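I opened this structure today and jotted down what I looked up. The entries go from the whole chain to a single residue.

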Amino acid sequence: MNAIFPGSFDPVTNGHVDLIKRASMLFTELTVLIMTNTSKNSLFSPSEKAVLLENAVAGLRNVKVRVFEADLTVRAARQLQAKVIVRGARNGKDFETERSIADMNRHLEPDLETILLPAAGKYNFLSSTLVREVAHFHGDLAGLVPANVIRALEEKMC
């Protein structure tokens, strides 16, 4: 069975990578979709995000990375013949947000299921927004994002 893991990934964090690894064990093929979040201003371009993500998941043979901008997740799922959307939730607030999104996606595409994976405890606090904030003030990013992302953030923040 094919699944998608959509997100804005600005930037990809170790929490994202952990969820992608765990989800990749559940599905024949997992496509990580770089999508547009209309409520955020991105630091990285979609193509930069794709390179960072591809490097971060390079060892996962059944994982692909694709840019799918400015469209609905259900359309991407339909195009890729995915039956499942995988999302992560760090806490109750994330769960409620993701549940609303899942309900909307089910309304738009009744045959598409959403699976929420709980974040690993060590990543419960981690978000791309917090990573960008730490990077902005030249804080220590070790353990928060893959090494290639640290380098890319350092270049962006110079």
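Ground rules: I am working with a predicted model, where local features need pLDDT of at least 70, side-chain atom pairs count only at pLDDT 80 or more, and totals for chains, interfaces and linings use all residues. Residues are numbered from 1 along each chain as its sequence is written, and side-chain values use heavy atoms, with hydrogens and water left out.

**Fold.** I found six helices and five strands in the protein chain (DSSP runs: H or I of at least four residues for helices, E of at least two for strands). Reading from the N terminus, I get β-α-β-α-β-α-β-α-β-α-α.

**Size.** I boxed the C-alpha atoms along the principal axes and got roughly 45 × 30 × 30 Å.

**Burial and contacts.** I looked up burial (under 20% relative accessible area, 1.4 Å probe, protein chains only): 47% of the 158 residues are buried. I then took contacts, meaning heavy atoms within 4.5 Å. Among those between residues at least 6 apart in sequence, 78% join residues at least 24 apart.

**T13.** I found T13 in the loop between β1 (2-7) and α1 (14-24). T13 counts as buried because its relative accessibility is 3%. Leaving out residues up to four places away in sequence, I see T13 touching L126, S127, S128, V131, L144, V145 and P146. I also noted that a polar atom of the T13 side chain lies 3.2 Å from the backbone nitrogen of G15.

Key: Buried means under 20% relative accessible area, exposed over 50%, partly exposed in between (1.4 Å probe, protein chains only). A polar contact is a pair of N or O atoms within 3.5 Å; within protein, one must be able to donate a hydrogen and the other to accept it, and residues adjacent in sequence count only if both atoms are side-chain atoms.
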